[in-house]
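User: I'm new to this one and would like a walk through it. Could you show me the structure before I start asking?

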Number of protein chains: 2
Amino acid sequence: MVDFKKLSDCIDKKQKEFIERLRHAVEIPSVSAEADHRNDIFRMIDWTQHELESLGAKCEQIKNGKQEMPDGTVLDLPPVLFATLGNDKSKKTLCIYGHLDVQPAALSDGWDTDPFKLIEKDGKLFGRGSTDDKGPVMAWINAIQTLQEMKVEIPINIKFVLEGMEESGSVGLDDILIKHKDTFLSDVEFTCISDSYWLGKSKPCLAYGLRGLCYYCIEIAVCQQDLHSGVFGGTVHEGMSDLCWLMSQLIDADGTIKIEGINEQVAPVTDEEIELYKKIDFNIDDYRNDLKAHKLVSDDKVKILMNRWRFPSLSIHGIEGAFAGPGAKTVIPAKVIGKFSLRIVPNMEPKAVDKCVTDYLNKLWSQRKSPNQFKVYPTKGSRPWLADYKNPHYQAGAKAIETVFGTEPDYICEGGSIPVTLTFQELTQKNVMLLPIGACDDMAHSQNEKINITNYMDGTKVLAVYLMELGNCSS
Amino acid sequence: MVDFKKLSDCIDKKQKEFIERLRHAVEIPSVSAEADHRNDIFRMIDWTQHELESLGAKCEQIKNGKQEMPDGTVLDLPPVLFATLGNDKSKKTLCIYGHLDVQPAALSDGWDTDPFKLIEKDGKLFGRGSTDDKGPVMAWINAIQTLQEMKVEIPINIKFVLEGMEESGSVGLDDILIKHKDTFLSDVEFTCISDSYWLGKSKPCLAYGLRGLCYYCIEIAVCQQDLHSGVFGGTVHEGMSDLCWLMSQLIDADGTIKIEGINEQVAPVTDEEIELYKKIDFNIDDYRNDLKAHKLVSDDKVKILMNRWRFPSLSIHGIEGAFAGPGAKTVIPAKVIGKFSLRIVPNMEPKAVDKCVTDYLNKLWSQRKSPNQFKVYPTKGSRPWLADYKNPHYQAGAKAIETVFGTEPDYICEGGSIPVTLTFQELTQKNVMLLPIGACDDMAHSQNEKINITNYMDGTKVLAVYLMELGNCSS
């Protein structure tokens, strides 16, 4: 095993070089949502390929399809970059996922500095993609480079899957991965994804769960076209009235889901889980203050964290077809579409959830006795993801964190979804781990995105130690 | 009294000239909503002044103020045109209101022909403003001109109030009228407005009532900014849930208003009214089919008409601040504003209605026990208008209709509001009558607006006879 002090010193000495690497990455404006920047994604992928090849990796750009933009123009999707470093049959193989595209950004959005320049200030590196996800991808490269320069033998084979469309729905990625299940992915023993954040600002963590999502539309049609409420009000059964009533029956004032059969699907909470949640470093008052919410659904830390990660939640997002502008409009909408979704957790399955939701709403509708046309349907469903955090893979991650930070990580989940996580788990049938290196206040997707220099450098150290630790474990 | 046969022949002979007058009016694109056309409203007013001066009227353009457009540009408001024809102290004075501006229109909206050319086809005159309200204003001029050319002495003094901002909220009109209460308006004995439509396509009518409007906002604030439902769902009390519940308590499935104290304010329906409603020519199946509604709240003609005109109705218009677009967005809105309104009828007063609505919602909110911030407030209120349809003024209108059509008019109301009606009644304290000449299918505000040539010509006759009949009555 490599001496950590030596490794750490080596990495620290290369801080300037590693920041320059991130600077180069940030200065390629690889915005996937904007057609004008499509070429920059290709550039970003080529540049990253070059970096990986310098490490000795064999790279292949897997061609993706075409994409029709909202304005009708058709663009080439950027390829997915596959890279392989080492193919020693006696070693296990780690798959690293990351993405090279970024969210849109402009000075006019309220950035203090040019989002496509890396600006160092107060120990922070500001720039679009600094933390999401160019910083973590560069940290992997930094870690491997350091180990190589120290002439340490990395005890595993490494594969990279780097895409350029993550911020735009990872178009095409799943298809490519599915196609490579029995080839590129066949020998993957562990997958590690560094594309999320610490729960707070000071304590590192590992994430082992994500909620799934079931999204629904309730459509109510009254008549052919919008009506003037003065001329027609009082003569038709109004759709908004039906819809508000249906949507008022979804959850209680305290947030309890009223849809029959939903709560029964949730896996029972174990005492062990409660202990795990109790240990998590999380300040509920800070959380509430950050949101500027008047009150949370509970003052209990474990309850709030479990509500975010461990239990389903239902949100009503809005209504399509009704008046949504400022001011006053006296319209009776002809057709309204209410939208809501459920975040789902183990052991909930989208199909079973769909059935409960549609049965429940159909039953309510028959009680309503409205002559309007009614329809409820799911628009998308994704399963929750849950990894075994006691798997040796997680122990390797934890060991790396302890080595660098001198503290055990918190074991957390995420309330949202990172769909590719589930894809990797399902295709490889092996353990997947989320190993964040950025802090909770990095402002991914927002103005003034940054990564702390300490997070970037410590992250590089964690990843290097983790690569070494993996030699001792199997998932 | 003038011989009707002679009058009718005279008017028929002038059909071509009268259509040319309307053509000239329609071809001035006096769109009040569009800054580019502001000058056309001034042109339209000048041209109409010239027409009225040809009849011998004394005209005055009453200066209006300025208007700030949504884009910040400031425009001059068009003046209000006052005209006086005759000031014989022994005669009573009629005030005629009309407007010279029109709704926007463009071929690209789906018009079959240029909206600012008057196109004659199948006995119809197509063009923006043909029925709303240039046709009726021209019919007044036609009627007076005919009587003058027949050398018939008109037994009343006539005043015109013609504005150019009706389709944009009649900005400034009320202020001008209030200022002229004791001067221009002081001797007005009757006011007649021809700016509405027959209930159907074949039977003429007189309208004696309009509903008022009370518009409300319910504001619920959860936190500072919109939240990701994956990350935060389950921890905050969601505003959409509170709002849907509140709005579900406003009316029953059958449309009954649940707000305490509202229905009690409605003036009791008399047997005489029921008889009046029974006589109205109205086909409920045609009405339902035109709307393409699946079912109305009742199959009874009197009930449907009373629901439109005689009873209050409550409509939920929509929600500001929630997701309203197509597709799926997983947002927890930070602040939502629900909007609904009540159409009010005698004896409801906006202030009393406001109190019932706010008291009711405040009570519901205290039951809800949500920690979110709640606010309910009225945004505007207008009183209902009801005229005495047995007043001799209405008898003069009815007599004119009987003379021209050989049938009694239906006595109807309108479910919407024409605010200036109430202004005239309140300022003059005299009887106001709505005398429509266009048919229900004239498509005011819509594509392919038209007036039937028969309606335009018969309307001219009705107005001429009405002017003569007024000599015999006092309101």
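**Annotated sites, a sheet and the cores**

Analyst: Leaving aside neighbours within four places in sequence, A:Ser417 is in contact with A:Arg211 and A:Arg343. Please keep in mind that this is a predicted model.

User: Where does A:Ser417 lie, then?

Analyst: A:Ser417 sits in the loop between β18 (410-414) and α13 (419-428) of chain A, and with a relative accessible area of 34% it is partly exposed.

User: Which residues does UniProt list under "binding site"?

Analyst: The UniProt record, an unreviewed entry, places that feature at A:Asp195, A:His228, A:Thr330, A:Arg343, A:Ser417 and A:His445. These positions span 251 residues in sequence, and the farthest two C-alpha atoms are 49.9 Å apart, so they do not all gather at one spot.

User: And A:His445, what is it in contact with?

Analyst: Apart from neighbours within four places in sequence, A:His445 is in contact with A:Gln103, A:Arg128, A:Asp132 and A:Glu167. The side chains of A:His445 and A:Gln103 are joined by a polar contact of 3.5 Å. A:His445 itself is found in the loop between β19 (431-434) and β20 of chain A, where it counts as partly exposed at 45% relative accessibility.

User: Which residues come up for "active site"?

Analyst: For that feature UniProt, again in an unreviewed entry, lists A:Asp101 and A:Glu166.

User: Is A:Asp101 buried or exposed?

Analyst: A:Asp101 counts as buried, because its relative accessibility is 0% and the cut-off for buried is under 20%. A:Asp101 belongs to the loop between β5 (92-99) and β6 of chain A, and its side chain makes a polar contact of 2.7 Å with the side chain of A:Ser32. Beyond neighbours within four places in sequence, the residues in contact with A:Asp101 include A:Ser30, A:Asp132 and A:Glu166.

User: What about A:Glu166, where is its place?

Analyst: A:Glu166 is in the loop between β8 (156-163) and α5 (173-179) of chain A. Leaving aside neighbours within four places in sequence, its contacts are A:Tyr97, A:His99, A:Asp101 and A:Asp195, and A:Asp195 is one of the positions in UniProt's "binding site" feature.

User: Changing topic: which strands form the open sheet?

Analyst: Three strands of chain A form it, in the order β6-β7-β20, with antiparallel pairing. β6 (119-121) and β20 (450-452) of chain A stand at the edges with a single partner strand each, so one side of each is left without a neighbour in the sheet. On average, neighbouring strands of this sheet are turned by 25° against each other, direction ignored.

User: How many bridges join β6(A) to β7 of chain A?

Analyst: Three bridges join β6(A) to β7 (residues 124-126) of chain A, and A:Lys121 stands opposite A:Lys124 in β7(A). Helix α14 (residues 453-469) of chain A lies across β6, β7 and β20 of chain A, and runs at about 65° to β20(A).

User: Last one: how many residues has the largest nonpolar core?

Analyst: The largest nonpolar core has 121 residues, and those with the most contacts inside it are B:Leu52, B:Leu94, B:Val161, B:Phe424, B:Tyr456 and B:Tyr466. Its largest share, 10 residues, comes from helix α14 (residues 453-469) of chain B. A second, separate core of 120 residues includes A:Ala25, A:Leu125, A:Val465 and A:Cys473.

How values were computed. Residues numbered from 1 in each chain as written. Chains lettered and ligands numbered in written order. Predicted model: local features only at pLDDT ≥ 70, side-chain atom pairs only at ≥ 80, totals over all residues. Heavy atoms only, no water. Pairing = 2+ DSSP bridges. Helix = DSSP H or I, 4+ residues; strand = E, 2+ residues; numbered from the N terminus. Axes fitted to C-alpha atoms, helices over the stretch in contact; angles between N-to-C directions. Contact = heavy atoms within 4.5 Å. UniProt positions renumbered as here; feature names shortened; annotations may be inferred. Buried < 20%, exposed > 50% of the residue type's maximum accessible area, 1.4 Å probe, protein only. Polar contact = N/O pair within 3.5 Å; in protein donor to acceptor, adjacent residues only side chain to side chain. Core = buried A, V, L, I, M, F, W, Y, C linked by side-chain atoms within 4.5 Å.
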